[in-house]
Amino acid sequence: MGATPRVVIIGAGIVGANLADELAERGWHQVTVVDQGPLPLTGGSTSHAPGLVFQTNASKTMTEFATYTVEKFKALDGEWCFNQVGGLEVATTPERLAELHRRQGWATSWGIPGEVVDPRRCVELHPLIDPEPVLGGFHTPTDGLAKASRAVVALARRAESRGAMFRGSTRITEVLQQGGRVTGVRTAENDVIPADIVVSCAGFWGPAVGELVGMTVPLLPLAHQYARTGQVADLVGRNDEAIEARLPILRHQDRDLYYREHNDRLGIGSYAHRPMPADISDLPDVEDPSEAAMPSMLPFTEEDFAPAWEDSKALLPSLRAAKIDTGFNGIFSFTPDGGPLIGESPDVAGFWIAEAVWVTHSAGVARAVAQLLVDGRSSVALHGCDVHRFDVIETTAAYVEETSQQNFVEVYDVLHPLQPKASPRDLRVSPFHQRQRELGAFFLEAHGWERPHWYEANAHLVAQLPPEWQPPARDEWSAMFHSPIAAAEAWQTRTAVALYDMTPLKRIEVSGPGAVEFLQRLTTGQMDKSVGSVTYTLALDEAGGIRSDLTVARLDEHLFQVGANGNLDVDYFRRMAPETVQVRDITGGTCCIGVWGPLARDLVQPLTGDDFSHEALKYFRLRRAQIAGIPVTAMRLSYVGELGWEIYASAAYGQRLWDLLWEAGQPLGVVAAGRAAFNSLRLEKGYRSWGTDMTTEHDPYEAGLGFAVSKKKTGYVGHAAIAGRSNESVSRRLTCLTVDDGHSMVLGSEPVFVDGVSSGYVTSAAFGHTIGKPIAYAWLPANLTEGAKVEIRYFDRMIRAAVAAEPLVDPQMARIRR
């Protein structure tokens, strides 16, 4: 493509303008931005966006997007594009006040200043508030208002000064392509704009643009109400358009409301109404959009806003003498999980999207996309934003419509980190599902899969637990979506044998004469081993960040099975595979049972004529075998730190396989065990979970995974970046902590303090039933030594913990290698 590729950006709103600016700043000057609407007010979501920027988010990535947006908009030339009035979120219920403490924890973890304040301080910050119903608030001084329409003009002006071009009233009707890659776009006037890269930043029109290349863009346009009051008595005299707002932006999430100042009036945004999906084919065609009329602004439905108006007057008494002056139902994009959509088409190289992005995160997303295009990677982890994170079922129209509307309803709800979707459910079930239901499984859900968390059939075992295994009482929050039955299931795994359903974990088949070389190039481990070998390895990006961790099993000379982390790995493998290699997602057609515990061999060996002894089937080896006549592949692996195997079979044999193992295990005390026990046991062994414990932002040595990097291997993706690094060269490290008091739980993302200073954050946490105390892993300075004291802030209290050597259980690995 040459030194400066030709780029066409479809959409001149806040994302497209930011992207043009980011690319131009990096020396890519052949950038053309087109929009079907006139410039600069194109009629999309940017044109009517209220502009409130609350930075704090449960997601580190989304918070960093917002922080970058704030800093960038503050620095734009000309009239203000960001008014840093601060942000205030108020609580009128005890549950919301607790949530604000949790949000303060996120803010601290991600480096955002903020504090939980009392009602008196809330009123000092925002004098219109009635202190009577308010229990407290969360104040963030660096939040504020983005003037999106003004920012678009400033960004476009700067990008144009660096060579970019902007064309309004230009509808794209075709994305031209040749040989599987884009070559340009065709306009409605039949003009052709050549391009090496096309990026759709079309917002809620994104699905229609995606259709031009056959790409599914899983978002739903939904209308959201926004109203402006008439003059508010307590704001009379505030008519300086150069300032526009002095009060902090305000959220009343207990009533799904937010507020901002418009000089002597207030703007009110409401999510308290019914979801209102919008069909883009029915939108008004406004040739000359204005602040009062544009395609993305639908008529205001007063009956939907009536409850919100009453709630607003209750919180802000000054509004009781005011009236609603204007209002509209503005269209925004929602997705199945609430995250943005970033990525390249799987079929047409050079076609990218950056959709479902709000003003709050616009500059951060644009920077990330620019980095992907120019450098090949983003400095911020994007696994929660990559459009390919979804499995096929999650991109169907019915699924997108239902889950996106539910995300609208829940946008301000207090949601537990384990809280599953209420609907749709039972989309994907393993062959063991009926048996699990008979055992009283409590299911959580992930990517449409039903996943047992514990089994009520094991409740009677809790009373049989030895005193040292009895789980302590939990606080109300950490007790949600948890049961003490998990302790009994962990106990049975450590002392007898348990069956774990591993079916939902992604499995990829890699085959063909180039399979070995392909896997050698993508992973840090040695792949050219004997048939029957299993290797734990890493996939890195070019900068040495951990793209994924993988378990690669060699089934035949040119046939491998890869245990992966999700559809992102499938997408990556397919993109990177040469013509001599076939990549297939085999998850749905197969199943897997983890048979683990000291009695695992006593259960399995009598059912097979194959030798399952330690000598015949060693750790990290596999064997194709038959169990009671069922063809299986048994891999000597254990994610829980006990003797056993992952036993794979065709899904057609799954229920029969479960029944045989279950019946044979009865004399041994076999139990079905769920994810709660699994997570506890894996943390006791120090086993990492990609996407939670480590991401592309971390290298193998920081994450404690240097052992997965072959010292004798070169030439793989990321090798040059990590060559010369070691466990001793890192400045931060994924660190094991145990809680001093033996019972206080944390759940993840809490800030960790060293000598009173916030120094890192928790990734994974669970109660360690074997060791009898809570465990947390956290990113912390590498100079902390074993026994060092730290504190974890959990809601509004500090929990003392200590750095511990890992693994906490069986460091000699004797239990696994029996």
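Q: Which residues does Asp699 touch, not counting residues up to four places away in sequence?
A: Asp699 touches Gly544, Ile546, Ile722, Arg725 and Val730. Contact here means heavy atoms within 4.5 Å. This is a predicted model: local features need pLDDT of at least 70, side-chain atom pairs count only at pLDDT 80 or more, and totals for chains, interfaces and linings use all residues. Residues are numbered from 1 along each chain as its sequence is written, and side-chain values use heavy atoms, with hydrogens and water left out.

Q: Why is Asp699 called buried?
A: Its relative accessible area is 7%. Buried means under 20%, exposed over 50%, partly exposed in between (1.4 Å probe, protein chains only). Asp699 is therefore buried, at 7%.

Q: Where is Asp699 placed?
A: Asp699 sits in the loop between H18 and helix H19 (719–722). Helices (H or I, at least four residues) and strands (E, at least two) are DSSP runs, numbered from the N terminus. Asp699 and Val730 are 31 residues apart in sequence and 9.2 Å apart in space, C-alpha to C-alpha.

Q: What makes E32 and E33 a pair?
A: Two strands pair if DSSP finds at least two bridges between them. E32 and strand E33 (residues 630–635) have six, in the antiparallel sense. They therefore count as paired.

Q: Why are E32 and E35 called edge strands?
A: The open sheet has six strands, in the order E32-E33-E34-E31-E25-E35, with mixed pairing. Strand E32 (622–627) and strand E35 (671–673) each pair on one side only. Neighbouring strands of this sheet are turned by 30 degrees against each other on average, direction ignored.

Q: What does helix H13 lie across?
A: Helix H13 (residues 485–495) lies across E25, strand E31 (590–596) and E35. H13 runs at about 120 degrees to E35. Angles run from 0 to 180 degrees between N-to-C directions, with axes fitted to C-alpha atoms, for helices over the stretch in contact.

Q: Which strands does helix H17 touch?
A: Helix H17 (residues 654–665) packs on the sheet, touching E25, E31, E32, E33, strand E34 (644–650) and E35. Its direction makes about 15 degrees with that of E31.

Q: How many cavities of 30 Å³ or more are there?
A: The count is four. A cavity is a set of points on a 1 Å grid over the protein atoms alone where a 1.4 Å probe fits but cannot get out; lining residues have an atom within 4 Å of a point.

Q: Which element gives the largest share of the lining of the largest cavity?
A: E24 does, with four residues.

Methods:
On a 1 Å grid over the protein atoms alone, a cavity is a set of points where a 1.4 Å probe fits but cannot get out, and a pocket is an open set with protein on both sides within 12 Å along at least five of seven lines; lining residues have an atom within 4 Å of a point. Grid points are joined across faces, edges and corners, and a volume is the space filled by probe spheres set on the points.
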